[in-house]
Amino acid sequence: MSGEERAHDARDGLYDRLKAYEGKPAAIAGRGKDPVNLPMIRHWCEAMGDAHPAYRGPDAVAPPTMLQAWTMGGLSGHQDRSEAYGELLGLLDGAGYTSVVATDCEQEYLRPLRPGDEITFDAVVESVSPRKTTKLGTGHFVTTRMDVRAGGELAGTHRFRILKYAPAARPAKPAEAAKPVEAAKPVEAAKPVEAVERPRRPRPVVNRDNAGFWEGVSAHRLLIQRCAACGTLRFPWLPGCNDCGAGEWDTVEAGGEGTVHSYVVMHHPPFPAFDPPYAVGLIELAEGVRMISNVVGVPYDKVRIGMPVRLEFQRVDEELELPVFRAVEDGPAAGPGEGER
């Protein structure tokens, strides 16, 4: 926290009031709206492309990363939130921090969840940060920790962090005041206009697990991992096989043909390096794996589920080249799975 932010907190006493909520309950005696069940597990696995046999059949368990799914409030909202948590959020709203964005979550798994398990949970306000300034705006990070139980036994913990903030002011655009035309003045030579540098796209996170993929992209090759033990193809790149757990693998090069399995049209939020609206597609490659990328070559409102696409590599700046998919012809009428933001 900067010296200015510390001084601000000290002046209004807000942080002391926020800090007093640490350790207070955020949810009390919450109950999952549904028991752990196979239909939800199946829908999750289909959406994630996870075909692990542990999530099917009479002895199925739920994917560990579904931990939060069994505690979510759905469209009807949360009925278990504590009065203290409501007061904390109200205090932040009253101080002008009315916007909210989820920033990260951490989960710990202690036992597998099985169909039929009844889920209960409690949550606590674990911490409230000092006043922070981010690119989004200025506010406070609020972290809650939820203990998730099945049949009274602790099954996992879910730590969730949000930023309650006041949006940063956007730079004002210079007003273009109308000026009267003045006659009989000599015409001046046009002055060169200084080019405005376009913001750069965010850089991909390259690590030891996916470095081979980005090396392939730099050589204009779309590489898919293949398990050396069972031959299963997988994408995105992972350190081990979801099907058999083996850690050895090699790669195959995608031929480049695919279809739009689903897509969204991004309108909001605007990012400086992007020009909304644009289509982001979940592309099913001919090899059977799916990947997310932009659909180009047609207007965003002409993208359709089932539309054939072809891989190409698009240079977005002097350092970054990305795989995208160009529509090659009109596909069938739109179907379920599309959406707009």
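Start at the second largest pocket, whose lining residues split into 16 nonpolar, 2 polar and 3 charged. Here Ala, Val, Leu, Ile, Met, Phe, Trp, Tyr, Cys and Pro count as nonpolar, Asp, Glu, Lys and Arg as charged, and the others, Gly among them, as polar. You're looking at a predicted model, where local features need pLDDT of at least 70 and side-chain atom pairs count only at pLDDT 80 or more, while totals for chains, interfaces and linings use all residues. Residues are numbered from 1 along each chain as its sequence is written, and side-chain values use heavy atoms, leaving out hydrogens and water.

The volume of this pocket is about 860 Å³. A pocket is an open set of points on a 1 Å grid over the protein atoms alone, where a 1.4 Å probe fits, with protein on both sides within 12 Å along at least five of seven lines; lining residues have an atom within 4 Å of a point. The volume is the space filled by probe spheres set on the points. Select Lys135, Leu136, Pro270, Phe271 and Pro272: of the 21 lining residues, these are the closest to the centre. Then colour strand E2 (99-109), which gives the most to the lining, with 3 residues. Strands (E, at least two residues) and helices (H or I, at least four) are DSSP runs, numbered from the N terminus.

Next, move to the largest pocket, with a volume of about 1600 Å³. Pick out Phe235, Pro236, Arg290, Met291 and Ile292, the closest to its centre of the 50 residues that line it. Which element gives the largest share of the lining? Helix H3 does, with 8 residues.

Now show E7, E8 and E9. These 3 strands form an open antiparallel sheet in the order E8-E7-E9. E8 and E9 stand at the edges with a single partner strand each, so one side of each is left without a neighbour in the sheet. E7 (223-227) and E8 pair over 2 bridges (strands pair if DSSP finds at least two bridges between them). Click Gln225 to find its bridge partner in E8, Arg234.

Last stop: the largest nonpolar core, with 32 residues. Such a core is a set of buried Ala, Val, Leu, Ile, Met, Phe, Trp, Tyr and Cys residues joined through side-chain atoms within 4.5 Å, buried being under 20% relative accessible area (1.4 Å probe, protein chains only). Zoom in on Leu113, which touches Trp70 and Ile119, among others (contact means heavy atoms within 4.5 Å).

Technical notes: Buried means under 20% relative accessible area, exposed over 50%, partly exposed in between (1.4 Å probe, protein chains only). Lists of a residue's contacts leave out its neighbours within four places in sequence.
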